[in-house]
Amino acid sequence: MKFTTKFFTFLLLILISTLTSCREEEFAFEGVAPEQSLSAGSNVANLLVRTSYNDGSKDNIIDQASCISVQLPVNVIVNGTEVMVNTEDDFDLIEDIFEQNDDDEDTLDIVFPVTIIFPDFSEEVVLNATELQEFVADCSGENQVDEDIECIDFVYPVSISIFNSNTEEIKTMTLPNDKALFNFVSALENTDVVNIKFPISLVRADGMELTATDLESLENQIENANGTCDEDDDNDYNDDDCGDCDPTQLEDVFASCTEWVVDGIIRNDTNLTNLYNDLSFSFQVDGTLVVNSATETLIGNWTASGSGNLINVEISVQGLDDFNDIWLLNEIASENSQGRVNLIIGEDVLRFDNACLSGNGNGHIPQDISQVLTDGNWTVDSFMEGDTDRTVDFNAYVLTFDIDGNVIADNGTPTNGTWNEQNGGPFIEFDFGMVPPIDQINKDWTIVSVSDTRVELSFIDSQDFGRKDTLVLGKQ
């Protein structure tokens with residue numbers, strides 16, 4: 001009997017040891033070394049909480065408060081116009097209405113009740129504007145130092161395993177978003193041992209993607225990123241529009257159309273827009289600025305330098321003193337129907353509208369392309385059909401234009417064609433008959449930019465899902 005008791009005791013000890021070993025092996029498989037475990041109250045745990053806070057500054061155009069956000073969708077009345085805000089992209093609709101008139105006082109009224117969300121993702125229903133103002137008053141003012149870290153974000157999902165030493169349970173979880181990460185880390189107990197499944201990805205506010213391979217590198221990357229960006233904790237929705245802008249982007253936007261009109265200009269609190277509504281501006285890639293009116297053409301210069309929210313745009317055109325200055329690029333809105341470029345100097349505003357998109361052009365012809373093309377010989381520097389580079393097909397060609405609308409394309413064997421500058425707008429048409437490969441440029445091209453040595457043209461093929469072709473001619 002004694003032997004039997006000892007034998008079963010021995011078997012039980014072996015079984016306990018085996019189960020414990022299996023549990024430890026499973027946990028080790030899910031995680032990393034013990035010193036890499038995430039502990040409640042640790043510095044890295046605190047950084048995870050601060051990085052996953054609900055950012056209330058994104059919707060300041062609605063609630064004027066960075067420590068709360070309004071749950072979408074929400075219905076608002078903007079300068080008397082009803083707007084249903086379904087996603088953050090709809091904030092641009094509010095901004096567009098605000099900018100329609102520079103002389104009015106902008107108003108936004110929320111249609112209550114609404115639900116507000118706090119930094120810890122807790123929620124509360126607000127019944128009227130008075131109640132909302134009570135919560136707004138509890139927030140810090142604009143651009144005040146706060147706990148949330150907005151200069152770096154996690155790329156989800158993030159996988160973790162958790163071992164509770166009291167219950168000896170192991171769980172694996174996949175966290176899909178900031179709310180899930182915040183709730184998980186905030187609820188950690190001292191008895192929890194958590195392993196994050198590395199590597200995980202993060203992205204900084206400047207777009208740089210990072211990879212963390214362990215807790216130490218994760219901690220360092222968050223700490224290094226904190227405070228390196230403009231967290232945009234103010235109530236001016238416009239001022240972060242160029243957080244990712246660069247001068248090349250502005251050049252590309254201006255090059256997309258040869259006719260930009262003045263959508264608004266305010267200098268020293270005086271609205272001067274009506275004085276210049278007959279002008280069209282052509283910002284060319286070589287820095288030339290051509291300004292056309294019904295009676296004259298002015299030639300000047302423009303430059304852009306800097307990065308992000310600190311891009312300076314200098315305009316210099318003799319006779320346009322209200323425009324001549326060093327402006328700060330405030331907005332590039334090339335994706336909406338208005339195609340706007342907004343420049344500011346303090347309270348002064350200069351706003352250009354893309355007439356090719358809006359239809360607000362004055363019908364002025366850009367720089368005289370006929371005079372340019374008929375002066376010398378030209379080669380095809382670039383020809384793109386959508387994403388396909390066809391330039392090599394034209395390497396041997398030299399193009400010679402005459403004032404009567406004739407053009408010769410010579411690659412050893414001359415091909416006669418015609419060209420026609422269409423006076424109804426900034427367009428030019430080529431026709432080389434059915435002679436390949438030169439017949440590939442038989443299109444009605446939009447004139448993008450013109451200089452003495454370079455002509456850029458574009459064509460949108462509506463028969464091929466809006467494919468964009470680009471033709472660049474260079475003077476030989």
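## Exercises: a cavity and a sheet

The count comes to one cavity of 30 Å³ or more (a cavity is a set of points on a 1 Å grid over the protein atoms alone where a 1.4 Å probe fits but cannot get out). The model is predicted, with local features needing pLDDT of at least 70, side-chain atom pairs counting only at pLDDT 80 or more, and totals for chains, interfaces and linings using all residues. Residues are numbered from 1 along each chain as its sequence is written, and side-chain values use heavy atoms, without hydrogens and water.

**Exercise 1.** Describe the largest cavity and its lining.

*Solution.* 
1. Its volume, the space filled by probe spheres set on the grid points, is about 50 Å³.
2. Lining residues have an atom within 4 Å of a point; among them are Leu38, Leu48, Phe154 and Ile200.
3. Strand S8 (158–164) and helix H6 (178–186) each give two or more residues (DSSP runs: helices H or I, at least four residues; strands E, at least two).
4. H6 has the largest share, three residues.
5. The lining divides into ten nonpolar, no polar and no charged residues (Val, Leu, Ile and Phe are among those that count as nonpolar).

Conventions: On a 1 Å grid over the protein atoms alone, a cavity is a set of points where a 1.4 Å probe fits but cannot get out, and a pocket is an open set with protein on both sides within 12 Å along at least five of seven lines; lining residues have an atom within 4 Å of a point.
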